[in-house]
Amino acid sequence: MDTMRERFIKTASRLLDEDPRLAVVLADISADGFRPAAERHPDRLINVGIREQLLIGAAAGLAFTGMRPIAHTFASFLVERPFEQVKLDLGHQGVGAVLVSAAGSYDWPAGGRTHMAPGDVALLDTLPDWTVHVPGHPDEAEVLLRHAVADGDGKVYLRLSEHRNEQAVGVTPGRFTVVRQGGRGTVVAVGPMLDAVLAATENLDVTVLYAATVRPFDGAALLAATEQNANVVLVEPYLAGTSANEAHEALADRPHRLLALGVPRGEHRQYGSIPEHLAAYGLDAHGLRDRISAFLW
Amino acid sequence: MTTTTPLGYAELPGLMALMTGDEKHGPAATSTLDALWVLYDRVLRVSPAGADGQDRDRFLLSKGHGPMAYYAVLAAKGFIDPAVLPSFGAYDSPLGHHPDRLLIPGVEISSGSLGHGLPIAVGTALGLRAQGLTDPAVWVLLGDAEFDEGSNHEAVAFAGAAGLDRLHALVIDNSSATHGWRGGIAARFAAEGWSVETVDGRDHEALYAAYTVEHPGRPRVVVARVESKNS
C-alpha cells in the first residue's frame, strides 16, 4: 500500500497530463518522485530549489496568470517558514493555490522539532477562507486532492501524513461522516486519529464522527450528533484545541462540555518513532481511552 | 509609443501635489518618478481598456512605499481619475499609502511588505511561458533597501537559472539600504546570469535605452541610480 505522499505524487502527475491549467511547484522535497512528470511537463512542474518564500510567491504568480498552482513541501517549510507569503501573496492578492504538505506534526520524530509543524492548522486559522483537508488514508488524499484542484481558485491546504488508518472512509469533502452511534457523548476523530479513536471507544456507548475536512468545520454534523448529549471530545493530529473554537461556535446555543485532545504545545525533546510519540502525547488507543472515559463517565 | 492621454510628464508634480499625508515616504515617492514615467509612457503595453487582457505587459510595484508617483503616472495614463487623488489614504479611498490591486484597476499587485514582488513576478513569467504567452513582458520595481529582503535573492538566483527572458527588474537605487551594497546591486544579478545595466535614473533617454535592450535567454535588470535619500 502506498503512502499519502506517494499517492499525491502519482495523482498530481496524472492531473498534469489531464489539466493544462495545473502547475506544481516544489522546493526540492519530492522532486525525485515528480521526475517523470517534470520530463513531460517542464513548464508546469517547477522545482525552485530550497527556496520556500519563492515557492509560495511563484505559486501566487502562476495563479495571477490564470493557472491553478499546487505548492508542496514539508509542513514546517510550507506554512510556518513562508507564512507571510501565504498571508499576502495568496490571500491578500485575491488568488488561491493548493498547498500540499507532508510530515505534519510527528512523522519523523527522529528528525526532531525542526521537522514538526503541529501549529500549521492553527496558523491558517488566523487567515480568512482557507479550506483545510486532513485525510486519514491515501484513497481519501486522492479524493480530496482532486476536489481541491477542481475548486476554482480557492485556497486549500491538504495535510498529508505517514500516519494513517487501515481503511479509507468514503468521505464527502467538507462533511463529517458518522462512523459509530452512541448515547453518552460524541468523539470527533480527525484524519489519521480515527483508528486509535475507534479502538479507544470500542464497547463505549459514544458517537464517533470522522472529519477529513476540518475547515470549513461541519458544525451542522456536530449539532445533529449532540442533540441528546452534548459532551464532545475532539481528537486532532496537530496542536490540541485547534478546532475547539469551531466546536464551541457550532454549539453556541446548546449547553455543552468539550475536551480537546491533540499534540501538546510543549516542546517534546525526544526522538524515536511515530507510535512512541503518539503514546507520549496520550494519542494512542490506551491514552485516548483513559482520557475519553474520564471525561464522559 | 505615442500616448493618447492629455496628461504628460509636466503634469506629474501637480498630480502628486493632490496627495498629502504620506510625507514620511516623500523621498521614496519622487525617486521612482522618472523611471516609472519612461516605462509607462514609452515601453509598457498596457491601457485602461486592456487592464485584464492576457496579452498585456505586467508591471508589479514591489516597493509599495511612497506610491504617489505611481498613482500620478496611473492618473496621467487614464487608470485613475485625477479627481480621486485628493482622497489618498482616506477611509473609503481606493488609494492607500500602499497600493491594493483589488481596489485600483491596472495595479497588478498589492504591495507594502517588502520583498514580495520579485518572487510573484517570477511566477507570473513562469505562468505566461507555460501558456505559450511569450510576448508579454513582466516588469517589477524594487528599491535598493528592499533588496535587503532575502526573498529577492531566492528569486534572482532562480530566475537566472531558469532563463526567464520575459522578466525585467527595475531597481531604484537611492542609497537607502542601511548597509549598502558593496560592488553595486547589479553585480548580484550579473552573478546569477542576468543581463544588467546601471543608468542615471533621471535621464529619460538612458532609461529608455536600457529598458529596450534585447536580452535573449536571460532576465534583465536595470538599476536606476538617483540622488541619495539622505542627501
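UniProt positions are given in the numbering used here, and its annotations may be inferred rather than shown by experiment. With that in mind, the UniProt record, an unreviewed entry, lists residues 2-168 of chain A under the name "domain: Transketolase-like pyrimidine-binding". The structure itself is a predicted model, and over residues 2-168 of chain A the chain is 40% helix and 17% strand, with the end C-alpha atoms 13 Å apart.

A separate domain assignment divides chain A into domain 1, covering 4-159, and domain 2, covering 177-296. The centres of domain 1 of chain A and domain 2 of chain A, taken over C-alpha atoms, are separated by 26 Å. Where these two domains meet, 23 residues of domain 1 of chain A are in contact with 21 residues of domain 2 of chain A. On the domain 1 side of this contact, the elements of chain A that give two or more residues are helix 6 (120-124), strand 5 (130-133) and helix 7 (138-149). Strand 5 of chain A provides the largest share of that side, with 4 residues. Sorted by class, the side of domain 1 of chain A that touches domain 2 of chain A holds 11 nonpolar, 7 polar and 5 charged residues.

From the contact inside chain A, the reader can turn to the contact between chains. Here 24 residues of chain A are in contact with 22 residues of chain B. Two elements of chain A, helix 3 (52-64) and helix 5 (83-92), each supply at least two residues of the side that touches chain B. The largest share of that side, 9 residues, comes from helix 3 of chain A. The residues of chain A on this side comprise 11 nonpolar, 8 polar and 5 charged.

Helix 3 and helix 5 of chain A also pack against each other. Two packed helices are described by the angle between their axes and the distance between the axes. For helix 3 of chain A and helix 5 of chain A, the angle is about 10 degrees and the axes are 9 Å apart. Angles under 35 degrees count as roughly parallel, and helix 3 of chain A and helix 5 of chain A are therefore roughly parallel to each other. In this packing, A:Gln53, A:Ile56, A:Gly57 and A:Ala60 of helix 3 of chain A meet A:Gln85, A:Val86, A:Asp89 and A:Leu90 of helix 5 of chain A. The residues of this contact between helix 3 and helix 5 of chain A divide into 4 nonpolar, 3 polar and 1 charged.

How values were computed
Residues numbered from 1 in each chain as written. Chains lettered and ligands numbered in written order. Predicted model: local features only at pLDDT ≥ 70, side-chain atom pairs only at ≥ 80, totals over all residues. Contact = placed C-beta atoms within 7 Å. Nonpolar A, V, L, I, M, F, W, Y, C, P; charged D, E, K, R; others polar. Axes fitted to C-alpha atoms, helices over the stretch in contact; angles between N-to-C directions. Parallel < 35°, antiparallel > 145°, perpendicular 65-115°, else oblique. Domains from an automatic or database assignment.
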